[in-house]
Amino acid sequence: MIVKNGNIFHLQGKNTSYMFSVNESGDLVHLYYGKKLRDKKYDWYIRGNSALSSCDASGKSLDAIPQEYPAYGYTDLKMPAYEVLNKNGNTVSRLTFKSYDIVDDIHPVDGMPYLLKGDMRPQTLYITLEDKNAGIEAILSYTVFDNYDIIARNVRIKNISGTKMTVQRAYSLALEVPKSGYKAVYLNGGWGNERNIKETEITEGIKLDISVARGASSHDINPFVMVADKDADEGSGAVYSAVLIYSGNHSTTVESDRYGNIRLLQGINPFGFAWELEDGEVFETPQSILTYSEQGYGGISRELHDVFRNNLSRSKWAKKERPILINNWEATYFDFDEEKLLSIARCAKEQGMDLFVLDDGWFGVRDNDRCSLGDWFVNRDKIPSGIDGLAKKVNDLGLRFGLWFEPEAINPDSKLYRAHPDWIIRVPGMEPSLGRYEYLLDLAKDEVCDYIINAVSDILRTANVGYVKWDMNRVMTDMPYPGYNHKFYLGFYRVMSTICTSFPDVLFEGCASGGGRFDAGVLAYMPQIWTSDNSDAVKRLQIQYGTSLAYPISSISAHVTAVPNHQNGRVTSLKTRGDIAQCGVFGYELDITKMTEDELKELREQITDCKKLRPLMLNGDFYRLKNPFEGNICAWEMAAKDKSEAYLMCAKVLSEAHEREKAIKLCGLSADADYLDTYTNTVYGGDELMYKGIVPKFGMYDFATYTVHLVKIEN
Ligand code: GLA
């Protein structure tokens with residue numbers, strides 16, 4: 001609910017209140033973000049006087065006032081939310097209140113994904129600010145949902161100057177937290193090592209600048225941050241979070257000022273960015289999602305999981321049980337023919353899987369990664385039946401058929417490049433740089449986007465393809481002008497939205513050299529994402545645990561692969577690989593035709609288990625119980641929202657002599673109900689499981705797992 005009481009705007013979510021006011025000078029002053037307050041007329045006053053700072057004629061210094069969308073250079077000298085080079089040749093500005101509007105709907109961001117209405121009752125507050133002298137109008141949008149603790153924000157900057165101007169930075173949000181003693185938590189990594197959890201204390205200065213200019217949201221830094229009370233942990237403590245619905249270069253900064261107050265900014269990375277606006281034109285930022293919880297990091301995650309599952313995805317698959325797939329990549333790499341593929345598919349069907357995915361190497365003359373990207377025509381030497389024929393054969397076995405594409409990329413050794421050398425991203429006069437022997441296509445050009453849409457659509461139209469793995473395997477370089485990266489992503493979102501709308505039944509899975517573009521912008525179109533090329537079960541404990549901070553388990557694609565693991569050589573049991581992959585979108589990626597009958601029997605049991613657990617994994621509340629970044633044990637739990645069922649997975653990395661395992665306490669159960677562990681037929685009390693906990697019975701070997709599947713016993 002959004003109400004205006006006097007000069008105060010009060011935005012209420014399920015358990016939270018967010019408040020700001022317009023002061024006598026017209027500045028938008030942030031007042032409060034935290035636990036829900038009653039809606040009444042509050043008489044709060046922010047002094048904002050600062051004898052030692054610059055001030056306006058009334059003695060006010062914006063430096064000392066928490067603001068909703070601050071500028072640099074008038075009386076505030078901190079990192080600004082926006083910066084516009086105006087007709088006067090400077091970037092100094094002061095936006096003041098002009099008008100407001102409240103609508104009973106979400107705010108549809110132009111050309112980019114945003115939170116949808118779903119079955120919620122959202123309201124959006126629009127605040128129009130203006131600076132007549134600089135010729136800028138800014139419309140801030142705030143969307144709240146009655147049943148969430150979420151505020152979706154974005155900004156439109158309009159040129160009202162009568163001439164050209166340049167937006168040099170435009171963050172999606174600013175949040176000023178009036179307190180010190182906070183830490184920031186964020187996700188960093190690299191290829192095969194995505195989304196490690198990092199914590200840093202916020203002391204004076206710009207203590208966090210997690211900005212990325214690698215072209216995509218990247219393996220390196222995820223567009224997500226939590227600003228938490230220094231004592232907050234998984235289960236308790238006050239935490240704010242911000243996550244951006246965007247896939248390009250992004251930036252999140254946290255600055256602590258001379259008063260110990262914190263300013264958080266999130267949006268498009270200003271580095272390498274500039275956007276020219278003619279008179280009357282508008283620049284719109286991506287949407288950024290704010291959350292507040294007093295249930296620690298876990299409270300933030302469960303809120304984001306719900307919002308992303310229910311209100312982000314355009315795909316009908318978001319809320320559907322996902323097919324258990326077999327992917328041929330780690331089974332064959334480029335070395336396959338139709339018969340080999342069908343033998344894997346046949347075996348997969350016999351074990352109870354749902355979907356066969358043909359990965360890279362089916363098109364052009366691609367027998368290695370040096371050629372043919374762009375030539376989306378089947379290689380009949382490898383697949384004589386064509387994609388339509390192969391899809392039919394796979395369908396006849398009783399499986400859906402899936403196909404890999406990397407539509408945004410092109411090899412110089414391709415027919416497409418020879419026909420359209422001008423379609424790549426490049427700087428005139430410079431030799432373009434290569435990444436994995438490829439260039440990126442110039443998605444800022446409409447004709448290039450149309451080519452991609454047509455090339456992919458032609459195949460989806462002629463063959464019965466039920467799933468697409470949409471890959472993108474390189475960083476973006478050679479950008480021809482500032483702001484290019486954003487232009488590319490506007491093209492990317494147009495392509496995704498057109499294809500996903502035309503093929504609503506197809507399940508799309510995102511991928512970028514593993515998890516190099518695991519973000520809410522991609523999730524809006526593709527409800528699951530290949531989490532990492534590193535499929536080692538032990539490393540996956542950390543990668544999946546870290547990813548779950550912001551993103552739902554139903555988006556985290558996880559496969560059982562061969563041992564020794566292809567990325568790090570580790571040997572783990574089939575049980576361990578299966579147990580860890582179950583907490584994700586489950587699948588296989590190895591040559592199952594080479595497995596023994598005993599192994600296949602175990603595989604069938606995993607598949608039966610997955611089918612039983614799938615609804616829970618899709619809809620439940622996720623609890624992280626033991627942090628694999630902090631010790632030898634990892635534990636996580638998925639509990640049904642109605643407390644009728646739960647699944648606990650515990651993993652021990654190294655075996656120790658004389659080890660005394662500590663009890664793991666479960667969450668989200670009914671204390672006064674009993675639960676049956678369906679694996680061992682043991683009955684536990686809900687109180688016992690939550691208050692005393694359960695001691696995992698690990699085997700005496702490294703990389704052991706222990707799982708419990710609890711079903712409430714109805715009296
Ligand atoms: C990327 C993906 C892999 C696989 C290969 C194919 O590395 O992350 O899963 O699809 O490309 O070339």
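Between which helix and which strand does the loop holding Ser315 lie? Ser315 is placed in the loop between helix H1 (296-311) and strand S21 (325-327), where helices (H or I, at least four residues) and strands (E, at least two) are DSSP runs numbered from the N terminus. The model is predicted, with local features requiring pLDDT of at least 70 and side-chain atom pairs pLDDT 80 or more, while totals for chains, interfaces and linings use all residues. Residues are numbered from 1 along each chain as its sequence is written, and side-chain values use heavy atoms, without hydrogens and water.

Ser315 has a relative accessible area of 13% and is therefore buried (under 20%; 1.4 Å probe, protein chains only). Its side chain reaches the backbone nitrogen of Trp317 at 2.9 Å. Apart from neighbours within four places in sequence, Ser315 is in contact with Ala524, Tyr525 and Pro527 (heavy atoms within 4.5 Å).

Around the ligand there are 13 residues, of which Asp359, Asp360, Lys469, Gly514 and Asp533 come nearest (a residue counts as near if one of its heavy atoms lies within 4 Å). By class, this shell comprises six charged, four nonpolar and three polar residues; Asp, Glu, Lys and Arg count as charged, Ala, Val, Leu, Ile, Met, Phe, Trp, Tyr, Cys and Pro as nonpolar, and the others, Gly among them, as polar.

Oxygen atoms of the ligand lie 2.6 Å from a polar side-chain atom of Asp360, 2.9 Å from a side-chain N or O atom of Arg436 and 3.5 Å from one of Trp530. Of the 310 Å² of accessible area that the ligand has on its own, the protein covers 95% (Shrake-Rupley method, 1.4 Å probe).

Technical notes
A polar contact is a pair of N or O atoms within 3.5 Å; within protein, one must be able to donate a hydrogen and the other to accept it, and residues adjacent in sequence count only if both atoms are side-chain atoms. Buried means under 20% relative accessible area, exposed over 50%, partly exposed in between (1.4 Å probe, protein chains only).
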